[in-house]
Amino acid sequence: MGEPTLRDRIELYYATVPLGFADAEEFGPLRLFVRKGEGAPYYGGPNHASPLPAGPAPVSAGSASGGPAAGSASSGPVGTGITAADIARVRARQRELGVAESFEWLAEVTPSLRALVEAAGLPVAERPLMVLDPHHPLPPQPLPEGVTIRVLDADDPGLPAVLALPRLAFADVGTAVGPAGRAELAAVAEKLVADGTVETIRPTLLTGHKVLAAAFAPDGTPLAAGHYHPARGITEIGGIGTLPTARRQGLGAAVMAALATHAREHGVHTVFLAYAEAAVARIYARLGFRPAGTTLLIADQPARGQ
């Protein structure tokens, strides 16, 4: 067999990385990742991509779904064999779990799934993918005076505010400077400490399942942040967000470059990401990322479980 293609590697990543946080339940040609503990829920999607070696084996979900469980991969050509009934079984299980009815898959690999999902009444959104050219040099990006970037460990005092930052960044979409700043960040950070979110994240940092980096102002306030989850030399960089009052200073690009460099230095050979806005894609293109297909997901579904 030849080397796996880029799309093969991305699909393998999507099939593997959730297993650090979730169990896989099989529903014929579909798979649903079910979160083991606290945190944002995961998604359903095609199961023709098997988890990478050393990942936990999927579990049977036949009794939970009201239908028979199938093997870990569908037979026949990719994208065939999925029916409206399969989608209905996954959605029923999601309702039973009390989580959003969410799906995620690569458009180019399973093109037939979109029509079935839309026919079921779920709106589909597109998230184009980009991959970093493995031979492209990635020097550190310029930062405003006094701003530094660091990778956080589990005991970093800045962790609550760094985890709070994306809540503000993604609530005010776009790249324009916005009103949310230090006071709003501190308020959200206090809530994440109080509700246990910060303690939930600490173990993932300790085990290396998650790498979190942020750009900090001289007073210790995080101004931009992002993360990645490595799995067998592959990773998606995500959660890149900038405090609205600190936008238009190149901070998101600097954090992205720092995360990609850190990943490369720790054995990751395939670095990819998804984006929602053309303006952001142009920034990533300048860093050396190139188009790599399209992820489809349910519009407005919760952010992928981390």
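User: Which residues have the most contacts inside the largest nonpolar core?

Analyst: Ile237, Met256, Leu259, Val271, Tyr284 and Phe289, in a core of 54 residues. Bear in mind that this is a predicted model, where local features need pLDDT of at least 70 and side-chain atom pairs count only at pLDDT 80 or more, while totals for chains, interfaces and linings use all residues. Residues are numbered from 1 along each chain as its sequence is written, and side-chain values use heavy atoms, leaving out hydrogens and water.

User: What makes a set of residues a nonpolar core?

Analyst: The members must be buried Ala, Val, Leu, Ile, Met, Phe, Trp, Tyr or Cys, joined through side-chain atoms within 4.5 Å. Buried means under 20% relative accessible area, exposed means over 50%, and partly exposed is in between (1.4 Å probe, protein chains only). Of the protein's 306 residues, 50% count as buried. A second, separate core has 20 residues, Tyr14, Val131, Ala231 and Ile234 among them.

User: What does Val271 touch, not counting residues up to four places away in sequence?

Analyst: Met130, Val131, Leu132, Thr235, Ile237, Ala260, Ala263 and Phe289. Contact here is heavy atoms within 4.5 Å. Across the protein, among contacts between residues at least 6 apart in sequence, 73% join residues at least 24 apart.

User: Why is H5 called roughly perpendicular to H7?

Analyst: Helix H5 (residues 159–171) and helix H7 (residues 197–207) pack at about 105 degrees, with axes 10 Å apart. The axes are lines fitted to C-alpha atoms, over the stretch in contact for helices, and angles run from 0 to 180 degrees between N-to-C directions. Under 35 degrees is roughly parallel, over 145 roughly antiparallel, 65 to 115 roughly perpendicular, and the rest oblique. The angle of about 105 degrees falls in the 65 to 115 range, so H5 is roughly perpendicular to H7.

User: How do the residues of the contact of H5 with H7 divide?

Analyst: They come to 6 nonpolar, 1 polar and 2 charged. On the H5 side are Leu159, Pro160, Leu163 and Arg167, meeting Thr197, Val198, Ile201, Arg202 and Leu205 of H7. The classes are Ala, Val, Leu, Ile, Met, Phe, Trp, Tyr, Cys and Pro as nonpolar, Asp, Glu, Lys and Arg as charged, and the others, including Gly, as polar.

User: What makes Asp86 and Arg89 a salt bridge?

Analyst: Their closest N and O atoms are 2.3 Å apart. The rule asks for a side-chain nitrogen of Lys or Arg within 4 Å of a carboxyl oxygen of Asp or Glu, so the pair qualifies. They sit 3 residues apart in helix H3 (residues 84–97), about one helical turn. Helices (H or I, at least four residues) and strands (E, at least two) are DSSP runs numbered from the N terminus, and the protein comes to 9 helices and 12 strands.

User: How do you know whether Asp86 is buried or exposed?

Analyst: Asp86 has 4% relative accessibility, under the cut-off, so it counts as buried. Arg89, at 22%, lands in the in-between class, so it is partly exposed.

User: Which parts does the pair of Arg91 and Glu101 tie together?

Analyst: Arg91 and Glu101 form a salt bridge at 2.5 Å. Arg91 lies in H3 and Glu101 in the loop between H3 and strand E5 (104–106), so the bridge joins parts 10 residues apart in sequence. Arg91 itself is buried at 17%.

User: How many salt bridges does the rule give?

Analyst: The count is 12. Another of the bridges joins Arg150 to Asp156 at 2.8 Å, with Arg150 partly exposed at 34% and Asp156 buried at 8%. Glu25, Arg93 and Glu96 form a salt-bridge network.
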